[in-house]
Amino acid sequence: MSMRIGQGYDVHAFGDGDHVMLGGIRIAHERGVVAHSDGDVVLHALCDAMLGALALGDIGQHFPPGDPQWRGADSRAFLRHCNRLIAERGWKVGNVDVTVVCERPKVGPHAAAMRECIALDLGVQSDAISIKATTSEKLGFTGRSEGIAAMAICLLVRV
Ligand code: MG
């Protein structure tokens, strides 16, 4: 097999704070997110997509939320760890496509920085990383701004 594909999904509730982390980028916001780590839904969904492509379980198994060593963790460390796991098995990221679902903050102005950041950690060109965003038209938990969600899909190719 020369290609593998995986998908991931993550949600965090909004809570007290003054910023959210998305795709490794700090974005000023009137709310933060409730999370054990830095609560970066983009990177968490992407990690799950990468792990899923090789049937390596999920992010909660690799970085248990009850483990104090991950308190406030920079999710870029999770991403780099997942990238090492796939590299050790002879794979690399071909491309990534992420959709962020929230009413706010606005993702578009930060998408280029997020793509650069993720590309750097994965050792690929930024044109292999797509970051998209949508609102949910004020419907559901994202529409009521109770939380933020992200979906990711990732293709792996043989090195
Ligand atoms: Mg998460």
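Leaving aside residues up to four places away in sequence, Ser37 touches His44, Trp70, Gly72, Ala73, Ser75 and Phe78. Keep in mind that this is a predicted model.

**Around Ser37**

- You'll find Ser37 in the loop between β4 and α1.
- Is Ser37 buried or exposed? Its relative accessibility is 12%, so Ser37 counts as buried, the cut-off being under 20%.
- The side chains of Ser37 and His44 are joined by a polar contact of 3.3 Å.
- A polar atom of the Ser37 side chain also lies 3.2 Å from the backbone nitrogen of Gly39.

- Asp10 counts as buried, because its relative accessibility is 16% and the limit is under 20%.
- His12 counts as buried too, with 13% relative accessibility.

**The sheet**

- Five strands make up an open sheet with mixed pairing, in the order β4-β1-β7-β5-β6.
- At the edges stand β4 (32-33) and β6 (129-134); each has a single partner strand, so one side of each has no neighbour in the sheet.
- β5 (residues 91-101) pairs with β6 in the parallel sense, over six bridges.
- Within that pairing, Val96 stands opposite Ile129 in β6.

**Helices on the sheet**

- Helix α1 (residues 41-53) packs on the sheet, where it touches β1 (3-15), β5, β6 and β7 (147-158).
- The direction of α1 makes about 150° with that of β1.
- Helix α4 (residues 111-122) lies across β5 and β6, and runs at about 145° to β6.

**Out at Glu88**

- Glu88 has its place in helix α3 (residues 75-88).
- Glu88 has a relative accessible area of 61%, which is over 50%, so it counts as exposed.
- How far apart are the C-alpha atoms of Glu88 and Ala113? They are separated by 28 Å, with the two residues 25 apart along the chain.

Terms used
Residues are numbered from 1 along each chain as its sequence is written. This is a predicted model: local features need pLDDT of at least 70, side-chain atom pairs count only at pLDDT 80 or more; totals for chains, interfaces and linings use all residues. Side-chain values use heavy atoms; hydrogens and water are left out. Two strands pair if DSSP finds at least two bridges between them. Helices (H or I, at least four residues) and strands (E, at least two) are DSSP runs, numbered from the N terminus. Contact means heavy atoms within 4.5 Å. Axes are lines fitted to C-alpha atoms, for helices over the stretch in contact, and angles run from 0 to 180 degrees between N-to-C directions. Buried means under 20% relative accessible area, exposed over 50%, partly exposed in between (1.4 Å probe, protein chains only). A polar contact is a pair of N or O atoms within 3.5 Å; within protein, one must be able to donate a hydrogen and the other to accept it, and residues adjacent in sequence count only if both atoms are side-chain atoms.
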